[in-house]
Amino acid sequence: MVTKLAVREMWISFRLLAVLVSFVGVGVTVALLPAPLPTMMPRLAAGLGLATVVVAAITAWSIAEERRSGRAGWLVARSVSRGTVLGGWFGAMAGPAVIGLACAGALGWLAASSVSLRLAPVAYVAPLTAVFATALGAVAMGLLAGMLLPAQAGVSVVVSVGLALGLAAWAAPEAMALLPGGAFVALGSLTEAVQGAGGAWRASGIALVAAGALLGLARLAVGRADL
């Protein structure tokens, strides 16, 4: 019920459309601007990274607005647990992000297949899966920030942290091996000559651990938040 209400609110406010367009637009751009694989993959990775930051920002803004407007408190006052409110919003944000990312990934594969005949599907799916996991972590980070801070402050924090992690991952991928952000490096470095999936699967695990930790912190935060 909470997820359905959250999706309806996102649809009315056009934020749901913004989440979908941020990902699908990246895939469309890559598909319409063909380039050699070493150029295409960094474009796709950078675009998906920015879209992930957008999703985190929209999540932080949305949950902070739910608290400010009293809608979250209204649900809690009617016997909906705080954890259910958090889980409902996680599903409402993660679902559209995953759908948009799947569309972008499919368009990216079609574009890559048109310029490369030796790209293994597993080599492409592995880093894309890591991006999926990173997007879940971004949603969890947005929920945590939105539960602790006002809307504008929460957006500023998640955008700053997201961009900082992304830039650090590109600048020093070895140092970022144990932090989220490696998924985009793995995707961007994909070429016909380099198709190892070990780093991508490791990035998936790191992102899922980070998402779980952030969700745990968000669950603690929602128990103390003023709804």
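Which exposed residues does the face of α1 turned away from its buried side carry? Select Lys4, Arg8 and Trp11: these are the exposed residues on that face. The model in the viewer is predicted.

**Stop 1: helix α1**

Stay on α1, residues 2-12, and select Val2, Ala6 and Met10, which are buried. They lie on the same side of α1, because they cover an arc of only 70 degrees around the axis. An α-helix has 3.6 residues a turn, so residues three or four places apart point the same way.

Next, show the partners of that side. The buried residues of α1 pack against α2 (15-32), α3 (37-69), α4 (71-77) and α5 (82-115).

**Stop 2: the end of α1**

**Stop 3: the largest pocket**

Now turn to the largest pocket, which holds about 430 Å³ of space. To centre the view, select Val53, Gly162, Leu165, Gly166 and Phe184, the closest to the pocket's centre of the 27 residues that line it.

Then colour by element. Those giving two or more residues to the lining are α3, α6 (121-148), α7 (151-171), α8 (182-188) and α9 (198-224). Which element gives the most to the lining of the largest pocket? That is α7, with 8 residues.

Finally, colour the lining by residue class. The lining of the largest pocket has 20 nonpolar and 7 polar residues, and no charged ones.

Notes:
Residues numbered from 1 in each chain as written. Predicted model: local features only at pLDDT ≥ 70, side-chain atom pairs only at ≥ 80, totals over all residues. Heavy atoms only, no water. Buried < 20%, exposed > 50% of the residue type's maximum accessible area, 1.4 Å probe, protein only. Helix = DSSP H or I, 4+ residues; strand = E, 2+ residues; numbered from the N terminus. Arc of directions from axis to C-beta. Contact = heavy atoms within 4.5 Å. 1 Å grid on protein atoms, 1.4 Å probe; cavity = no way out; pocket = protein on both sides within 12 Å on 5 of 7 lines; lining within 4 Å. Points joined across faces, edges and corners; volume = space filled by probe spheres on them. Nonpolar A, V, L, I, M, F, W, Y, C, P; charged D, E, K, R; others polar.
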